[in-house]
Structures are given as C-alpha cells and as structure tokens.
Amino acid sequence: MQCHVGSPVEGEDFFNRKKEINAIWRALDSDSLLLLAPRRVGKTSLMKHLVYLAPDKGYQASYLTVEGAADEADFMERLYRAVAENHPNIMKTLVDRVADSPLGTWVKRVKKVGALGVSIELTAEAKKHWPESMTVFGELLSGLETPWLLAVDELPLFILKLLRLDDSGKRAVSFLHNLRELRQNQPGVRWLLAGSIGLDTVTGRYNMADTINDLRLTTLGPFSVHSADDFLQALARSYGLDLHPDVRSHILSRLQWLLPYYIQLVFSELLDVDNRPIRVT
Ligand SMILES: Nc1ncnc2c1ncn2[C@@H]1O[C@H](COP(=O)(O)OP(=O)(O)OP(=O)(O)O)[C@@H](O)[C@H]1O
Ligand SMILES: [Mg+2]
C-alpha cells in the first residue's frame with residue numbers, strides 16, 4: 001500500500017469502506033443514487049472502486065467525470081467515450097448493430113486505438129440534437145443483457161456550468177429532465193451520480209427538485225475510529241514503520257474528523273520526519 005495525498009486512490013491503495021460499499025450495492029438493486037459529500041472525503045476513490053468491483057456484482061460499469069464538460073453535447077460525448085473506452089468490444093458490437101438504422105447516423109466514427117481501445121466520435125448533428133443522442137445512448141445500452149452501472153462524477157459542477165450558460169435555469173432543467181427520462185426509460189442502467197456541492201440545494205433553488213427526486217440520496221463520511229486505526233497501521237506496515245498503539249491513538253485523537261485524506265496527510269509527514277519508530281512524549 002502506498003501513501004497518497006490528494007489524488008484518488010485505486011487498487012490495493014484503496015482501504016476498506018466495506019460498509020458503505022455494501023450499502024451502495026444494496027441500494028443499487030432498486031435505485032439509482034445521488035452521492036453528495038464534502039470535498040476530499042473519498043467519493044472519486046469509492047466510485048472507481050465500485051466500478052472495479054462491478055463485474056463481480058453482475059454489472060458492466062464505467063466511471064467518468066463531467067467536471068469541465070463544456071455543454072450537453074460534451075457531456076454526451078463523455079458518456080459514449082466512457083463506455084467505449086472501458087468496453088470497446090461491446091460498444092463496437094452495439095454501434096455495428098445500429099449502423100444501418102437512423103440511430104447509426106449519430107455516431108460518426110468508431111476507431112481502434114492501440115491493441116484494445118476504441119474511440120468514438122459523435123456527428124455534429126448528434127451534438128446539436130443532444131437529447132436524441134441521449135435517447136440513442138439509452139437504446140444502445142438497453143440492448144445488453146447485463147445491467148450497467150454508470151458512475152458520473154462532479155455532476156453538480158456541470159449543472160452549475162449550465163446555469164452559467166443560461167441563468168434563467170431553463171437549460172439546466174431541460175438537461176436534468178432528459179437525464180431523468182433516460183433513467184426511467186432504461187431501468188437496466190443504474191446511475192451513481194456524485195459531487196461535492198449540493199445538487200439538491202441547487203435544484204431546490206431553481207425549482208427543479210422533481211428532476212432528481214427518483215434518485216436515492218446517499219452520503220459518505222469519515223472512517224470509524226477502528227477503521228482509521230487499521231488504516232494507519234496498514235500504511236505503517238507497508239513502509240516498515242513501527243507505530244505504537246499509543247502513537248496511533250494520539251494521532252487519531254488530534255485529527256478528530258477521521259477522513260482517510262487527513263490520515264494520509266499526517267502519515268506522509270511522519271515519513272518525512274524519519275524512518276525511526278515514533279513515540280509520543
Ligand atoms: N478508501 C480510501 N483509502 C485510502 N485513502 C483514501 C480513501 N478514500 C480517500 N482517500 C484519500 O483521500 C484523498 C481524496 O480522495 P478522493 O479524491 O477520492 O476524494 P473526493 O471526495 O473525490 O475529493 P474531491 O471532492 O476533491 O473530488 C485521496 O488522495 C486519498 O489520500
Ligand atoms: Mg473527486
């Protein structure tokens with residue numbers, strides 16, 4: 001296990017969150033989710049880990065972030081790409097299947113990149129008519145037998161972007177309505193929509209709460225004292241450090257809010273101090 005400060009953690013660097021993961025799988029049995037939690041709590045790491053675990057749970061899954069998406073068309077292209085990049089064969093088969101139908105005209109190009117990858121481009125027409133390309137997207141995915149999990153990060157930032165493009169709120173409402181329709185028409189696709197600012201507050205302010213009221217609201221908090229202690233110990237072990245239980249409990253009592261981020265931060269400072277066993281005096 002490696003100490004990471006700042007960037008999302010993956011693979012064996014991702015620690016625990018078992019309770020949250022189980023709760024999310026249970027909730028996804030029946031609903032799509034809106035995961036809202038403060039910055040640096042570990043949302044992106046958790047989403048990527050869920051996507052990694054998804055095949056064992058019977059889902060095909062993709063992660064994407066829509067932070068920085070310029071507009072609705074860009075959002076849609078990111079969705080197509082996320083599916084195409086992670087599941088090139090599936091995307092290629094799907095696109096081939098619809099190639100001769102009106103649906104096929106939306107997809108400009110599916111080309112091979114490297115040994116495994118596939119990149120996808122939408123036509124200018126598809127970009128202009130993003131609601132239709134959203135429908136096509138749903139139809140492509142619903143052609144599959146396995147359910148899909150789409151983990152979309154930073155959705156509230158994208159909605160704020162739409163509100164900046166049109167401060168009447170109409171554009172944001174229309175986008176959220178279309179996204180809701182996509183969720184409802186394609187029940188085989190589960191969505192995990194996440195962000196660190198309250199989408200619920202934004203939609204409430206603009207009177208568009210009904211566009212997200214099918215989503216089950218969920219959040220993410222700090223580690224329990226027990227998990228935090230285990231985490232600190234696991235980090236110490238992987239760096240060959242001997243952290244006495246008193247030292248660990250001192251660190252955790254000083255931290256108070258036991259975010260894995262803070263634990264990583266303190267641990268990285270410890271690594272900088274020295275490689276000798278550390279004692280509280
Ligand atoms: N399960 C975990 N195991 C180990 N470290 C973690 C875990 N979750 C989060 N972290 C730590 O917290 C930091 C922030 O995690 P992450 O980027 O996933 O949070 P976030 O909520 O997506 O943040 P932001 O709101 O800035 O996008 C990581 O760099 C890592 O140090
Ligand atoms: Mg994040």
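Modeller: The model is predicted, local features need pLDDT of at least 70, side-chain atom pairs count only at pLDDT 80 or more, and totals for chains, interfaces and linings use all residues. Residues are numbered from 1 along each chain, chains are lettered from A and ligands numbered from 1, both as written, and side-chain values use heavy atoms without hydrogens and water.

Colleague: What makes a space a pocket?

Modeller: On a 1 Å grid over the protein atoms alone, a pocket is an open set of points where a 1.4 Å probe fits, with protein on both sides within 12 Å along at least five of seven lines.

Colleague: Which residues lie nearest the centre of the largest pocket?

Modeller: G6, P8, R40, G42 and S45, among 27 lining residues. A lining residue has an atom within 4 Å of a point. Domain 1 (17-218) and domain 2 (225-273) each give at least three residues to this lining; the bounds come from an automatic or database domain assignment.

Colleague: Which residues line the second largest pocket?

Modeller: N16, R17, K19, E20, A23, P222, F223, S224 and S227. Helix α1 (residues 18-28) gives the most, with 3 residues. Helices are DSSP runs (H or I, at least four residues), numbered from the N terminus.

Colleague: Why are α10 and α11 called oblique?

Modeller: The axes of α10 (residues 225-238) and α11 (residues 245-255) come within 10 Å and cross at roughly 125 degrees. Angles run from 0 to 180 degrees between N-to-C directions, on lines fitted to C-alpha atoms over the stretch in contact. Under 35 degrees is roughly parallel, over 145 roughly antiparallel, 65 to 115 roughly perpendicular, and the rest oblique. So α10 and α11 are oblique.

Colleague: What about α6 and α8?

Modeller: Helix α6 (residues 130-142) and helix α8 (residues 170-185) pack at about 20 degrees, axes 10 Å apart. They are therefore roughly parallel.

Key. Helix = DSSP H or I, 4+ residues; strand = E, 2+ residues; numbered from the N terminus.
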